[in-house]
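Visitor: Before we look at anything in detail, I would like to learn how to read charged contacts and strand pairing in a model such as this one. Could you take me through them step by step?

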Amino acid sequence: MFKPFLKTQQNLAMVMPKKLILLALFIIFYTITHAQYAGWMMGTWKSTSGATTPSGNVTSAIQINDVSEESFTGTKTSEINNGSHAKITIAISGAFRGKGLYMQDGAVVHKEGPENGQWHDCSACSQGNKMMISHDSLILISSISGCDNGCDGETFYYRLLSEYDSSTQQYLVDRFGRPSDIIGFRPYHPQENETIASNDDSELSKNDVVAVTMTPDATAETIKQAEKRHQDSLDNIARIKQQQTDNSIRLAQQKKREQEIADSLNLAQQKEQQRVKDSLDNVARIKQQQLVAATLLAQQKKREQEIADSLNLVQQKEQQRIKDSLDNVARLEQIRLRTEDSLRDVQTKKRHQQIADSLNLVQQKEQQRIKDSLDNAARLAQIKLRTEDSLRDVQAKKRQQQIADSLNLAQQKEQQRIKDSLDNVARIRQQQINDSTLLAQHKKREQEIADSLSLVQQKERQRIKDSLDNAARLAQIRLRTEDSLRNVQVKKRQQEVADSINLVNQRKQQFIQDSLQSVAAANLQKQREADSLRNVQARKRQQEIADSLAAVRKQQYNDSLQKATLAKAVPPATTGSSPSAAEKPLTSRTSVLLGTYHITSPDILIELFDNGEIDGDRVSVYHNNAIIVSNQTLGIKAITLNIHADTTNREHEFVLVAENLGSIPPNSALMRITAGKQIYKLSVNTDMKTNARIVFYYDGN
């Protein structure tokens, strides 16, 4: 009756040490799994259900591509399942902080808009994310609220626990599961039924009872499973460490590529700046040429306006002359009417007819003369056009002769026409004189006709004189136009020659400047190497001086204690001469040499700022033992000093003296020194016992 009970006790005694071993392995496993990184985030997270939009049902998925410690990056893809396959892919990044999950959207990687709408931009919305265990799945819940109707809501993404190894499953359940999930958890395998993770408390109790009554073979199997879990966790840790190493290598390569890209961008930027400078120079030169051309064009337009004004004046005078001729014709018509009234007999009518014929002839000739005048005006306009055209070719002189011949011919024809008019008038007058023998009573009227004809002749002569004056004026304008165009052409050729010379000089200067820049770059590189060596030496000397000062201060403190008793008995000795108050900091304090620099530019610009927080630091600056800045406060605005070097004074020493320590000791200053294209920036820390010294040597000519 008691044998089964004793056998059970023996079995329990054999099982207890093994359970202790399992407990120790579990503790080790738990510690290792809680120290691993977020490598389990790698892979695809699918959504449980899609949101419904006017365009159709939307399904989403998250793809984690890279994990670094507790941080990760990847993409989020949303697709409308309506046949159009509208899709948008957004870069995402996130990290775990304790038990909290922080994730945010980034830039759009790929986008295909829907047919009846557009994607909502939710990058500015605040997201809430959390992880949880639900049966056999790991759930990621992303929620947005209080932002936009198209963005508000919750999206569930999941991954099956069976996708991970046993140690990772245990880690995830312990980290994100509820107490009931942790207590009843058993690792999932792809071939197991999905309802394993949902066993209730009664089944758990049954399993515990079975574990108590395990046979030795079952115990050995359990130990093997624990060892396998431990080995899986070690493999997982090794894989994570290898991934971290790969990430470090990729990060170093990425930094190297970024540096190469930055160098390429700097080189491209320099080339672009040079190209922009050349373009600006070309634009300036073109604008100068356009300005010269505009000036010449304005002068030419002004001359053309003068010629047009002269032609308008000639045309106005010609119109006035025609108007006067018409007035004369009207006056002659009135005379004819009065003559017709006086002729009461047949002879008178006959003579009247003759006079009427003569008047008609005069009128026709006058009309012909008006027509000839208009033709002359048109001819003069044509001559003007021909004159302007003749200025643009080599045969200007021949055309000028033709114009002169045309003017002479027109003058001769005008004189011949005037002579014919005068002959007609004389003939008419002779006829009237002959008729006057028969009609004595008409002598008075004949005298009036004679006076009218004399007046017409005078006006005709005046018109001829005016035409000749206009022709002479046009000839002078033509000559002035030729001279102006000739001067413009000469100036244009001179400007082209000057531009060519300037272009050659500019290219020569550019070549010289490029050569000087290359030499200066080489010298600057050498100077930087020398400066780096000097800075190292200066830091070393500063450290040595600081150590020496510490030793000196300690010795001075000990000496002051020994001499304290003698201070009251022995009065201080007075010397015949002592340094001035301005030079006392130079003699009483130790000046630390920060560096020695060789410069080629004669102009030295020194700017002093407060380095760090503005705390009321005050300084003085000495140049070759002469004070140039006296007790000034350092701040954001620079204290500016300009020093000129030459061949007679090549060495320039600057000493920075602290007048106080400010509210935050020590006295900290930022010194920026510009010598031509060379710029030096020094952080200077001084106190009431040490000064900072910098020496420049001018190597120029």
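Visitor: How many salt bridges does a search of the whole structure find?

Guide: Side chains of opposite charge can pair when their charged atoms come close. A salt bridge here is a side-chain nitrogen of Lys or Arg within 4 Å of a carboxyl oxygen of Asp or Glu, and the search of the whole structure finds 12 of them. This is a predicted model, in which local features need pLDDT of at least 70 and side-chain atom pairs count only at pLDDT 80 or more, while totals for chains, interfaces and linings use all residues. Residues are numbered from 1 along each chain as its sequence is written, and side-chain values use heavy atoms, with hydrogens and water left out.

Visitor: Which parts of the chain does the pair of D105 and K76 link?

Guide: Helices (H or I, at least four residues) and strands (E, at least two) are DSSP runs, numbered from the N terminus. In those terms, D105 belongs to strand β6 (residues 100–111) and K76 to strand β4 (residues 71–80), so that the pair, 29 residues apart, links distant parts of the chain. Their side chains meet in a salt bridge at 3.4 Å, N to O.

Visitor: Are D105 and K76 buried or exposed?

Guide: Buried means under 20% relative accessible area, exposed over 50%, and partly exposed in between, with a 1.4 Å probe and protein chains only. D105 is buried, because its relative accessible area is 16%, and K76 is buried as well, with 17%.

Visitor: Where do E272 and R275 lie?

Guide: Both lie in helix α5 (residues 216–342), three residues apart, which is about one turn of the helix. The side chains of E272 and R275 meet in a salt bridge at 2.2 Å, N to O. E272 counts as partly exposed at 36% relative accessibility, and R275 likewise counts as partly exposed, at 44%.

Visitor: What is the order of the strands in the open sheet of four strands?

Guide: Two strands pair if DSSP finds at least two bridges between them. The order in this open sheet is β14-β11-β16-β17, with antiparallel pairing, and the edge strands, β14 (639–644) and β17 (678–686), each pair on one side only. Strand β11 (residues 603–610) pairs with β14 in the antiparallel sense over six bridges, and I604 stands opposite I643 in β14.
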